[in-house]
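Colleague: I'd like to learn to read a few features off a model. Could you walk me through them?

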Amino acid sequence: QVQLVESGGGLVQAGGSLRLSCTASGRIFSINTMGWYRQAPGKQRELVAVVSSGDRTNYADSVKGRFTISGDNVKNMVYLQMNSLKPEDTGVYYCYVRQEDGYAYNYWGQGTQVTVSS
């Protein structure tokens, strides 16, 4: 099993910044994707940003130009730098990891709350 531990959430005013971190540990053999999803109250969980093998990144349109995802393959960590935060960025942010050995395995963190006040 793989454990994901997130940190860095909190309360910030609109226009402010936060940096989320996630560390993966446990039975790690071939991570090919790490990233972040979020879920706002009453809404479905949505992709925020992911980084895949070869440092390919994918961002939600709503965060492009404001958020930056980066990964550390040696430490099995992924970061999300969030700048120019908006109230609509409020939600629970979940770390996500995918690894494959012929089968795909998806793992989720417990989530960290991000609240942006107007």
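Colleague: Which residue is the bridge partner of Ile69 in β8?

Modeller: Leu80 is the bridge partner of Ile69. Keep in mind that this is a predicted model.

Colleague: Next, the core. Which residues touch the most other members?

Modeller: The general idea: in soluble globular proteins, nonpolar side chains tend to be buried together. Here the largest nonpolar core has 27 residues, and Trp36, Leu80, Met82 and Tyr93 touch the most other members. Elements giving two or more residues to this core include β1 (2-7), β4 (31-39), β5 (46-52) and β11 (112-117). The biggest giver is β3, with four residues.

Colleague: How many disulfides are there, and where?

Modeller: The count is one disulfide, and it joins Cys22 to Cys95 with an S to S distance of 2.0 Å. The pair links distant parts of the chain, with Cys22 in strand β3 (residues 18-26) and Cys95 in strand β9 (residues 91-100), 73 residues apart.

Colleague: Are those cysteines buried or exposed? And what is the handedness of the disulfide?

Modeller: Cys22 and Cys95 are both buried. The torsion about their S-S bond is about -85 degrees, so the disulfide is left-handed.

Colleague: On to charges. How many salt bridges does the count give?

Modeller: Side chains of opposite charge can pair when their charged atoms come close. In this model the count is five salt bridges. In one of them, Arg38 meets Asp89 at 3.0 Å, N to O. Arg38 sits in strand β4 and Asp89 in the loop between β8 and β9, so this pair ties together parts 51 residues apart in sequence. Both Arg38 and Asp89 are buried.

Colleague: What else does Asp89 meet in a salt bridge?

Modeller: Arg66, at 2.7 Å, N to O. Arg66 lies in the loop between β6 (56-59) and β7, so its pairing with Asp89 ties together parts 23 residues apart in sequence. Arg66 is buried too, as is Asp89. Salt bridges with shared partners join Arg38, Glu46, Arg66 and Asp89 into one network.

Colleague: Which residue forms a salt bridge with Lys64, and is Lys64 buried or partly exposed?

Modeller: That is Asp61, with the closest N and O atoms 3.0 Å apart. Asp61 is exposed, at 64% relative accessible area, while Lys64 is partly exposed, at 49%.

Conventions
Residues are numbered from 1 along each chain as its sequence is written. This is a predicted model: local features need pLDDT of at least 70, side-chain atom pairs count only at pLDDT 80 or more; totals for chains, interfaces and linings use all residues. Side-chain values use heavy atoms; hydrogens and water are left out. A disulfide is a pair of cysteine sulfur atoms within 2.5 Å. Buried means under 20% relative accessible area, exposed over 50%, partly exposed in between (1.4 Å probe, protein chains only). Two strands pair if DSSP finds at least two bridges between them. A nonpolar core is a set of buried Ala, Val, Leu, Ile, Met, Phe, Trp, Tyr and Cys residues joined through side-chain atoms within 4.5 Å. A salt bridge is a side-chain nitrogen of Lys or Arg within 4 Å of a carboxyl oxygen of Asp or Glu.
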